[in-house]
Amino acid sequence: MSTESSNNNSTQPVRFFHRGRIVDVSGVHPTRSVLDWLREDAHCTGTKEGCNEGDCGACTVVIGELASDANAPGTVGGLQLQTVNACIQFLPTLHGKALFTVEDLKAQCAAAQPQDKKHAVHTLHPVQQAMVDCHGSQCGFCTPGFVMSLWSAYEHHQAEGTQPTRQQLADELSGNLCRCTGYRPILDAGQRMFDLPAVRLDTKPVVAALAALQNDGLDYAAPLGARVDHFHAPKTIAQLAALREQKPRAQLLAGSTDVGLWVNKQFRDLGDIIYVGDVAEMKAIETRAGELYIGAGASLEAAFEALVQRVPSLADVWLRFASPPIRHAGTMGGNVANGSPIGDSPPVLMSLDAEIELRRGDVLRRMPLPDFYIDYMKNQLQPGEFVQGLAVPLAAMRRQVRAYKISKRFDCDISALCAGFAIELEQGSDTVKAVRLAFGGMAAIVKRAANAEAALVGKPWTQASVAAAKLALAQDFKPLSDMRASADYRLQVAQNLIQRLWLETRAEDPLSLEETSVWSVMPHATVKAAAEGA
């Protein structure tokens, strides 16, 4: 065991597995990032700082947690391995977990070497050797991040006995930006790494170490000047509810994909923090009583995967929501509670008639998601209350559902606007029985287009009705101009998306998902399966 401490003001140390040993960290402020700790305290400088906001991927690391289901897809030897951005993760969130960086690959190679050094076959990990062989690194700054994303894919596919397609590799790397080498040789390396002699992570000592670290939660404290800030990490939802009532002004933290930027970019002082990421009950995704229930702590990746299993047409927006490291860390509950008018989850959920579940102490209440938002960054949460989950009625999923994301960059970009649509026609006719048109990026809050919906309900699903809905949309929204799009552009595109909905769902000769998706020219197993299941 190693102890790294600058003073003894902590009630508990942050303990995690790193470079083959359990590390105890005390005295650092709760908002110190994993990246800063790696580079400045642990002197592991392979992990780079690029954007410092979770966008470029230069700081990509892999977090390992004990798998709740050893047979679950993506589990490697009892560990759940996921890429995250070290620059926006606060160090205490590592408590009870394992941290893997590019330096760990050298140790894996050393462990794989035969005792007779004359017959050594590995000097670099297959991921790294493939990057060399395929000329996948030019300036080298972004390379460690690419290597860690590729290593995560390598371990997952080796565990399952599969090899990724080129498009699957592109998905894995969608959060890693390269400005000089170009992606073709890096994708070549991703395929080449499986042709080299295998080097695998020995998970047994990691699993044993993490099992020994399991406890009843973390109560960490460290000073900021004359003040002491606390980082609470409860393990049960009852503990979380009690803490939230006790500290209604404490900052709730889930994936840190937004709150992390408050610290890095806005230099905000968070004070006490309550972390929900260790509450297993908050991560539950299950079908019950005619609804799909998504716990507020479920990752964006897991939540969208569950939705796409039931609504295949959402595959496109799932794959384009940020990047894998962001989707692994961020939560759908956090994306909804954040209240950003350009969040991509709320329009999709509103189109599916989702309800939001709020909790204060032992008291639960629900409301339709559109009612949760009051004004820009204002919502219905009361002091001491938090978002516990989201409920999506299964009946709403039987409608024809579409989601469209409009952004300047196709992968890993913030939406200029996002739309979630659902339409149901009267049985045996083309009359619109029900329709949901929800938009993000068009107002101070995500909301449904009430006038456009009214223009369609009870009318035949025809081009004339679509034209009326497009005119009514101008009464629903008066969008703003900003760096992402002008007001005129937003309104025109929003109207065009209603037209696209009609083209895809009209009774005669509807356009297929393959005909309207960019994935039709980039073969993709997930979207192909979605198109076949739609």
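In helix α1 (residues 34-41), the buried residues include V34, L35, W37 and L38. Buried here means under 20% relative accessible area, exposed means over 50%, and partly exposed lies in between (1.4 Å probe, protein chains only). Helices (H or I, at least four residues) and strands (E, at least two) are DSSP runs, numbered from the N terminus. After α1 comes H43, with a positive phi near 55°.

The model is predicted: local features need pLDDT of at least 70, side-chain atom pairs count only at pLDDT 80 or more, and totals for chains, interfaces and linings use all residues. Residues are numbered from 1 along each chain as its sequence is written, and side-chain values use heavy atoms, with hydrogens and water left out. The predictor's confidence in each residue is its pLDDT, on a scale from 0 to 100. The average pLDDT of the protein is 92. A score of at least 70 is reached by 93% of the residues. Over residues 5-10, pLDDT stays under 50. For this stretch the model has 13 contacts beyond four places in sequence, a contact being heavy atoms within 4.5 Å.

The protein is divided into three parts: domain 1 (11-109 + 123-215), domain 2 (216-279) and domain 3 (283-504). These bounds come from an automatic or database domain assignment. Between domain 2 and domain 3, the C-alpha centres lie 29 Å apart. Their contact takes 14 residues from domain 2 and 14 residues from domain 3. The two domains bury about 1100 Å² between them. Carbon and sulfur atoms carry 64% of that area. Buried area is the accessible area (1.4 Å probe) that two parts lose on being put together, summed over both. On the domain 2 side, I237, E245 and T257 supply 35% of the area buried against domain 3, more than any other three residues.

Strand β8 (residues 217-224) runs antiparallel to strand β9 (residues 227-234), and eight bridges join them. Two strands are said to pair if DSSP finds at least two bridges between them. L218 stands opposite A233 in β9. Two residues lie between the strands of this hairpin. There, G225 takes a positive phi near 65°.

Seven bridges hold the antiparallel pair of β19 and strand β20 (residues 417-425). Within β20, G420 is the bridge partner of A403, and A419 is that of Y404. Six of the seven residues of β19 are buried, so this strand is largely enclosed by the rest of the structure.

Most residues other than glycine have a negative phi. C412 has a positive phi, near 50°. This residue sits in the loop between β19 and β20. C412 has 6% relative accessibility and therefore counts as buried. H135 also has a positive phi, near 55°. H135 is placed in the loop between α3 (126-133) and α4 (143-160). With 63% relative accessibility, H135 counts as exposed.

S152 lies in helix α4. Its relative accessible area is 2%, so S152 is buried. Leaving aside neighbours within four places in sequence, S152 is in contact with V62, L81 and T83. N451 belongs to helix α16 (residues 450-454). N451 counts as partly exposed because its relative accessibility is 38%. Residues up to four places away in sequence not counted, N451 touches A472, Q475 and D476. N451 and R365 are 86 residues apart in sequence. In space, N451 and R365 are 29 Å apart, C-alpha to C-alpha.
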